[in-house]
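Dear colleague,

I am handing over the structure we spoke of, and my notes on what was found in it follow directly below. Please read them beside the coordinates.

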Amino acid sequence: MELPRTADVEDLSGLERRYENPTATLRDNVVLRVLETSSDSSALTQQLDGLHVIYAAVTSAANRLAKQGDADAVDLHGTVEVEYACPGYGDEPTTNVDVGGAIYLTLNVRDSYVMRGAGGLAVGCRFRVDGGDAGTRVELNSRLTVDLGADTRIGTKIESMLMVRLRDIEARIRQDAPTGLVLNYDKYDFRVGHERIETLIDMSTLALGLPSFGTAVFIASRDGSFSLRERRGEWLCDRAEDSCELIR
Amino acid sequence: VRVDSLIANAGILLLALGLSTSARAEKPRQDQRIEDTAYTLPGGGFSAGIMTLEAGIFDEITIGTYLPAWFAFSVIDVPILSGFIKLRAPWEGPLALSVRVGAAYVDASRVAGDVSSGRAVRADVLAVPFELAVSYAVSESVTQSLELSYVAMKVGASERNAATGGGSATTSNVSVSSLLEVRLTPTLAVTLAARVLAFQSAAVISAHLERGSTRLKANLGFRPYEQSFLWSVVPGVALNWAHVHLEFGIGYGAYWLPMIQSPLPGSSPVPEGNLYVRF
């Protein structure tokens, strides 16, 4: 009887470094334009808040494992399959996969550490977007890869941000109208934590006529605010005042 | 799996060999040592000791149980049920072959509840040892025995509602042991016992847990021993009177649990002893 095998997972550590180290340098007078363009550029980006469901799935599984797994005495190897019931469209989150759809994940465990890379699927995962229109409903089908940021000892809660890459995405977005919008993407990546979701922007794709190119990180916070991280630091903006400040 | 099938095939071969030579059966000696050898009690014989209770059904078949296991209730509130059957190939001559199959079962719910702060409400442990032994009487006074022991163990546990949480852990190992007995007088013999853990499988845990929105299904394994090489050597003395037999020795290495033939990790002085009466 051999030790159980672990699953192969796409390595997102390089992508995470790009999020950590954006290359663009922005002038203060274009930051607001970048934020507006970024927040409007993708219907999926508008639903970012709902993608917290993936964060909930991963942290719920890891924390549950932390509570159950006392691995002090032995070095565990293998996999933990996770089925997380998406909350669905109701006022109260459902725990029924048939109602809310599910996120399926495979966590790899080596030497009693949950490895940073995890892979899985979102299958008919239904959720409402709290931060947007109250009537907005999203159903997500996608392959997904998650990077936990670091290998984490069983028994330790995961509190870092997660790097997530979705592939073969089909997102059905409905607001009040009975017929919804179906979005298909080959690939989409973002970083999600308890309070914020980040997406990497290639400045050259925004068509703002910027003199310099590079990358910046667009940040959507759960309180509804947006900010932008570039090479020198993070721009915090007050849209009401039309002003931004660079925090280095 | 290969080890399992190897041992199963060896057992079948031994039984077939035994059946084919049953016409040449030899009466076992009354005072032959049973534990760690290929010998059995004579038909109608009975042995009662601090370790085992055994009865010879026929010359070639001995059944028994490990006595201390039944008294485990004083510690864990339930007895450990144990039993074994030993079959010896019924041929004559200096060479003896036997197989012994046993089982030990304990309902460990109480213990599991204590160690898991009341989480686990049902738990049990099952161990199935399978032993293949050969003994060769080199002379009237010298006997060499070799034994191959395979043990499969399974531990199961679940919550009150098994659908919301439960699982099992399985493991197996193979030990090889040797016992040399030299009779100095009809009453006194010296012995040298040695054991080696030849193979230890990984322990594999299959478990499921359901809490709210989250279901986990774990398939995890671990190596039960940090030490890659476990062994023991125990020199000893056996005193054999007409009905009373006393064996004792002290050596060094890992301690093999008698009922499940599995070593405890670590090395230390190893005491061994047995006292039994035989009729």
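A residue is called buried when its relative accessible area is under 20%, exposed when it is over 50%, and partly exposed in between, with a 1.4 Å probe and protein chains only. This is a predicted model, in which local features need pLDDT of at least 70 and side-chain atom pairs count only at pLDDT 80 or more, whereas totals for chains, interfaces and linings use all residues. Residues are numbered from 1 along each chain as its sequence is written, chains are lettered from A and ligands numbered from 1 in the order in which they are written, and side-chain values use heavy atoms, with hydrogens and water left out.

The search of the whole structure over all chains gives 1 disulfide, a term that stands for a pair of cysteine sulfur atoms within 2.5 Å. The partners are Cys86(A) and Cys125(A), whose sulfur atoms lie 2.0 Å apart, and the link is left-handed, with -105° about the S-S bond. Because Cys86(A) sits in the loop between β1 (77-85) and α5 (97-100) of chain A and Cys125(A) in strand β3 (residues 113-128) of chain A, the pair ties together parts that are 39 residues apart in sequence; helices (H or I, at least four residues) and strands (E, at least two) are DSSP runs, numbered from the N terminus. Cys86(A) is buried at a relative accessible area of 0%, and Cys125(A) is buried at 0% relative accessibility.

As for chain B, its secondary structure consists of 4 helices and 16 strands, and of its 279 residues 44% are buried.

Best regards
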